[in-house]
Amino acid sequence: MKERSKGEALHAQAIQAREKEQDFLKALQLLDESLLISAQEDEHENIAGIEGSRRNIFGHLYRQTGNADYLVLAKYSALAAVELAEKHNIEEMALPYRDLANAFEELEGYEKASENYTKALSFENSPSLSRPAVKDDLVAHLGFSQYMSGNTEEGLKNMDEAISELEEDTEANKYEHDVWLSGALMRKAKALHD
């Protein structure tokens, strides 16, 4: 296994600060440090990932504070990640498009979210799509966005299929699996009751 670079190690620390510690300021500071080091080393894939992590932090901050400015920041971090991924033709293309789709979903731009979830799923060789349940989570989000943008039949079909697959999955990380399944069920309930 390849040893992590300093930029990648700092990125991993930022993810830890975001997810485990819920220390968003520390996470952003670590991401900035990781970005500078990764740029010096031409680590394009890590730079795109950093912008995806930044988008996740802004999403957390929006949900915590209700300040919609964080959604704008999330969208532009995700756009930067997509642009960098395309420019450098990185191997992991699904995640930048997933992050952009998530940003549009949070902004209630469901049509653009659907387009970007579809694009994310089109990168069949992206390493993330080979991880257990990742594809099912994307399909659940796609279905929700389709439903909310008026494509109710296709959206409901995709949500139901993804939920069924997530319920049957036994290989995914338990925490991720539980988050993705509960999220899919909550989005379906929201779609059906809005």
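Me: What percentage of the 194 residues of the chain count as buried?
Reply: This is a predicted model, and the values below are computed from it. A residue counts as buried when its relative accessible area is under 20%. By that cut-off, the buried share of the 194 residues in the chain is 47%.

Me: How many helices and how many strands does the secondary structure of the chain come to?
Reply: Read from the N terminus, the elements run α-α-α-α-α-α-α-α-α. The radius of gyration is 16 Å, close to the 16 Å that the globule rule gives for 194 residues, so the chain is as compact as a globular protein of that length. The C-alpha trace spans about 50 × 40 × 30 Å along its principal axes. The secondary structure comes to 9 helices and 0 strands.

Me: Of the contacts in the chain with a separation of 6 or more, what percentage comes from residues 24 or more positions apart?
Reply: Contact here means heavy atoms within 4.5 Å. Among the contacts with a separation of 6 or more, the share that joins residues 24 or more positions apart is 54%.

Me: Which element gives the largest share of the largest nonpolar core?
Reply: The largest nonpolar core has 30 residues, and Tyr117, Leu138 and Leu166 are those with the most contacts inside it. Two or more residues each come from helix 4 (69-88), helix 5 (94-106), helix 6 (110-122), helix 7 (134-148), helix 8 (152-168) and helix 9 (174-193). A second, separate core of 14 residues includes Leu10, Ala17, Ile57 and Phe58.

Me: Is Glu51 buried or exposed, and with what relative accessible area?
Reply: Glu51 has its place in helix 3. Leaving aside neighbours within four places in sequence, Glu51 is in contact with Leu35, Ser77, Ala80, Ala81 and Leu84, and its C-alpha atom is separated by 8.9 Å from that of Tyr76, 25 residues apart along the chain. Because buried means under 20%, Glu51 counts as buried, with a relative accessible area of 11%.

Me: Where does Asp42 lie, given its positive phi?
Reply: Phi of Asp42 is near 55°, a positive value in a residue other than glycine. Asp42 is exposed, with a relative accessible area of 53%. Asp42 lies in the loop between helix 2 (24-40) and helix 3 (44-65).

Me: What is the relative accessible area of Glu108?
Reply: Glu108 is found in the loop between helix 5 and helix 6, and has a positive phi of about 65° although it is not a glycine. Since exposed means over 50%, Glu108 counts as exposed, with a relative accessible area of 54%.

Me: What distance separates the C-alpha atoms of Asn173 and Pro132?
Reply: Asn173 has its place in the loop between helix 8 and helix 9, and at 44% relative accessibility it counts as partly exposed. Asn173 and Pro132 are 41 residues apart along the chain, and their C-alpha atoms are separated by 7.9 Å.

Methods: Residues are numbered from 1 along each chain as its sequence is written. This is a predicted model: local features need pLDDT of at least 70, side-chain atom pairs count only at pLDDT 80 or more; totals for chains, interfaces and linings use all residues. Side-chain values use heavy atoms; hydrogens and water are left out. Helices (H or I, at least four residues) and strands (E, at least two) are DSSP runs, numbered from the N terminus. The radius of gyration is taken over C-alpha atoms; the globule rule is 2.2 Å times the number of residues to the power 0.38. Buried means under 20% relative accessible area, exposed over 50%, partly exposed in between (1.4 Å probe, protein chains only). A nonpolar core is a set of buried Ala, Val, Leu, Ile, Met, Phe, Trp, Tyr and Cys residues joined through side-chain atoms within 4.5 Å.
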